[in-house]
Amino acid sequence: MAELKEIIHETLSRAGIQHPPVEMEKILKVLDLEDLFFDSGIDQENGTVLFLDQLKGKWRIKIPSSLPRGRLIFDLAHECVEYLALKADIKCSHREINEGAVEMLIPEKWGKEFIEKEGLDLFAFKRAFSTPSLDTCAYRLLDLAPFPGVLVVLRDGERRVHRRRQRAWFSPDEEEFIQEASTSPNPIIRNLKGEVFQSFPIWDQRKFRVKKSYIYFWEGN
């Protein structure tokens with residue numbers, strides 16, 4: 001993975017990208033992958049696909065018309081990283097290619113520099129890096145924080161939990177905060193017993209409710 005990360009950073013430099021945001025148009029251009037193939041056929045793949053176009057004699061990325069808009073940037077980054085690995089003859093798993101896509105969109109060095117300067121503000125992190133989805137930014141913020149934490153993504157009463165600490169359960173205080181964050185339209189921050197609780201809600205103006213909330217529990221902050 002270290003070799004692939006180095007190639008990703010070299011690609012960013014070749015594309016003239018020295019700081020966030022990472023514009024995928026520049027990456028696609030420097031890799032000669034900007035000639036995208038948009039597939040509107042009946043039989044479509046679930047996601048983007050890197051393929052060798054025999055007629056044009058070049059590698060291209062196929063994008064199904066059914067692809068959710070929010071996935072496009074990450075999927076394009078995934079295919080670019082797959083292409084780099086292929087050209088360098090680096091064997092990678094699907095998970096490692098995904099990790100490479102995250103590194104391409106939010107390089108570890110830049111992410112840590114942002115956190116050191118601006119703190120653990122998800123919305124500010126998203127504004128700085130801009131091109132990846134809010135979900136991608138949320139997970140990356142958890143991974144790059146200088147201390148362990150837990151991220152709860154709450155939507156329609158359902159939870160997705162991502163952890164950087166071993167404890168598998170939530171304390172009563174944490175459960176109470178999750179309930180509060182599920183309805184509060186404003187970000188909340190609270191210090192309690194050596195932990196910091198933070199919520200970043202997405203407000204649905206039409207339904208007048210929180211449609212999604214990103215909730216962090218940080219240890220040792």
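This is a predicted model: local features need pLDDT of at least 70, side-chain atom pairs count only at pLDDT 80 or more; totals for chains, interfaces and linings use all residues.
Local features were considered at pLDDT of at least 70 and side-chain atom pairs only at pLDDT 80 or more, whereas totals for chains, interfaces and linings use all residues. Residues are numbered from 1 along each chain as its sequence is written, and side-chain values use heavy atoms, with hydrogens and water left out.

Helix α1 (residues 2–14) packs on helix α3 (residues 72–87) at an angle of about 115°, and the two axes lie 10 Å apart. Axes are lines fitted to C-alpha atoms, for helices over the stretch in contact, and angles between N-to-C directions run from 0 to 180 degrees. Helices α1 and α3 are therefore roughly perpendicular to each other; angles of 65 to 115 degrees receive this description, those under 35 count as roughly parallel, those over 145 as roughly antiparallel and the rest as oblique. The crossing of α1 and α3 is right-handed, a term for a near helix turned clockwise from the far one by less than a right angle, anticlockwise being left-handed. On the α1 side the contact is formed by Leu4, Ile7, Ile8 and Thr11, and on the α3 side by Val81, Leu84 and Ala85, where contact means heavy atoms within 4.5 Å. Classified by residue type, this contact has 6 nonpolar, 1 polar and no charged residues. In this classification Ala, Val, Leu, Ile, Met, Phe, Trp, Tyr, Cys and Pro are nonpolar, Asp, Glu, Lys and Arg are charged, and the others, Gly among them, are polar.

The contact of α5 with α6 comprises 7 nonpolar, 1 polar and no charged residues. Gly111, in helix α5, counts as buried at 0% relative accessibility; buried denotes under 20% relative accessible area, exposed over 50% and partly exposed the range in between (1.4 Å probe, protein chains only). Leaving aside neighbours within four places in sequence, Gly111 is in contact with Phe125, Phe129 and Leu144.

In soluble globular proteins, nonpolar side chains tend to be buried together. The largest nonpolar core of the model contains 53 residues, and those with the most contacts inside it are Ile27, Leu122 and Tyr216. Such a core is a set of buried Ala, Val, Leu, Ile, Met, Phe, Trp, Tyr and Cys residues joined through side-chain atoms within 4.5 Å. Helix α3 supplies the largest share of this core, 7 residues. Apart from this core lies another, of 11 residues, including Leu154, Ala181, Ile215 and Phe217. Beyond neighbours within four places in sequence, Ile27 is in contact with Thr11, Leu12, Ala15, Ile17, Val22, Cys80 and Met104.

Glu82 also belongs to helix α3 and is partly exposed, with a relative accessible area of 31%. Outside four places in sequence, Glu82 is in contact with Leu50 and Ile97. Glu82 and Ala101, 19 residues apart in sequence, are 8.8 Å apart in space, C-alpha to C-alpha.

The peptide bond from Pro20 to Pro21 is cis, with omega near 5°, and Pro21 is found in the loop between α1 and α2 (24–30). Asp156, although not a glycine, has a positive phi of about 50°. This residue, Asp156, is placed in the loop between β4 (149–155) and β5 (158–163) and is exposed, with a relative accessible area of 57%. Lys193 likewise is a residue other than glycine with a positive phi, near 55°. The loop between β6 (188–192) and β7 (195–204) holds Lys193, which counts as exposed at 73% relative accessibility.

Conventions: Helices (H or I, at least four residues) and strands (E, at least two) are DSSP runs, numbered from the N terminus.
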